[in-house]
Amino acid sequence: MIITMGEEEKTSGDKAKSQLSFDDVLSFIEFIEECYGEQFIITEDKNNDKNEKKESSSTKNKGAGIFEKIMEEVSKLPDPYHIIREEKQRMLKDIAERIKVCKKCELWKGRTNAVPGDGNPSAQIVFVGEAPGYEEDKRGKPFVGKSGKLLIKMIQDVLGMRREDVFITNIVRCRPPENRTPEKEEISACLNYLFEELSVIRPRIVVALGAPAAKAILGKDEKISEMRGKFYTRPEFTVFVTFHPAFVVRNPSYTETLENDFKKIKEFFES
Ligand code: SF4
């Protein structure tokens, strides 16, 4: 947790604490309550009436005292980010279990394994492809074939992240016959799983890999040449469109374009 203070406060830790106002403390309490899902109640110490009166000449000092007491109590609780991460993991597991037994469209008939999303439940970036291929269907994991290798290389080399830092998923979770493009009805039957995953993860950016993913997420019917390389602002997250890595594996001359798109994603994070 980072608490940013003004220049003056930065000069000394003790000085910083002594300049906290009640407003600072109240905002901090609200933040902590949101993280822990617990209510913090501040009560007055009746036995310390005289001291309190002495200190009341400076409400800022009084604020600092409460802040220290809150921090003392908070330090006894488990890490909130750990709790949130575990809860998100549990919710994603629940979505994955439903995907594994789903029969909402005809694609279930040809699958070896349905392929739920995989990765960091608190990822800031989510990559969304089209549908599982041969390798993914066999192993039940997204992007584990040749195109997956290229995607991971871009994530590592250009973004400086690891596979376990991001979340990778698809718009359709069962392999279409002969790797054909999923039909509209199949996408509509399956798309809600993606939005469920995104509502749990709450990433900053969703990267649509290829035209079917971009069209499904943005609800647009435009060509990939019109959407690629652009950012689209949505209320919950930003969407960026690039090529599907499988297309680049088949057409290596587009590798540089894909790399440049990943540089734009990096700039987005750094801005
Ligand atoms: S593709 Fe999606 S909607 Fe169709 S059966 Fe598989 S999981 Fe269900």
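**Reading a predicted model: a tutorial dialogue**

Author: Of the 271 residues of the protein, 30% count as buried. Please keep in mind that this is a predicted model.

Reader: How many helices and strands does the secondary structure of the protein come to?

Author: There are 13 helices and six strands. Among contacts between residues at least 6 apart in sequence, 72% join residues at least 24 apart.

Reader: Let us turn to a helix. What span should the 16 residues of helix α13 have?

Author: At 1.5 Å a residue, helix α13 (residues 255–270) should span 22 Å, and its end C-alpha atoms are 23 Å apart, which agrees.

Reader: Which residues of α13 are buried, and where do they lie around the axis?

Author: The general idea is that an α-helix has 3.6 residues a turn, so residues three or four places apart point the same way. In α13 the buried residues are Leu258, Asp261, Phe262 and Ile265. They cover an arc of only 100 degrees around the axis, which puts them on the same side of α13. The face turned away from that buried side carries the exposed residues Glu256, Asn260, Glu267 and Glu270.

Reader: Why does Ala211 count as buried?

Author: A residue is buried if 20 or more other C-beta atoms lie within 10 Å of its own. Ala211 has 23 C-beta neighbours inside 10 Å, and therefore counts as buried. Ala211 is found in helix α10 (residues 211–218). The C-alpha atoms of Ala211 and Met227 are separated by 8.2 Å, although these residues are 16 apart along the chain.

Reader: Finally, how many residues surround the ligand, and which are the closest?

Author: The ligand is surrounded by 14 residues, the closest being Cys102, Cys105, Trp108, Cys174 and Cys190. By class, this shell has 10 nonpolar, no polar and four charged residues. Helix α9 (residues 184–201) gives the most to the shell, with three residues.

Technical notes. Residues numbered from 1 in each chain as written. Predicted model: local features only at pLDDT ≥ 70, side-chain atom pairs only at ≥ 80, totals over all residues. Helix = DSSP H or I, 4+ residues; strand = E, 2+ residues; numbered from the N terminus. Expected span 1.5 Å × (residues − 1). Buried ≥ 20, exposed ≤ 12 C-beta atoms within 10 Å, placed from the backbone. Arc of directions from axis to C-beta. Contact = placed C-beta atoms within 7 Å. Near = placed C-beta within 6 Å. Nonpolar A, V, L, I, M, F, W, Y, C, P; charged D, E, K, R; others polar.
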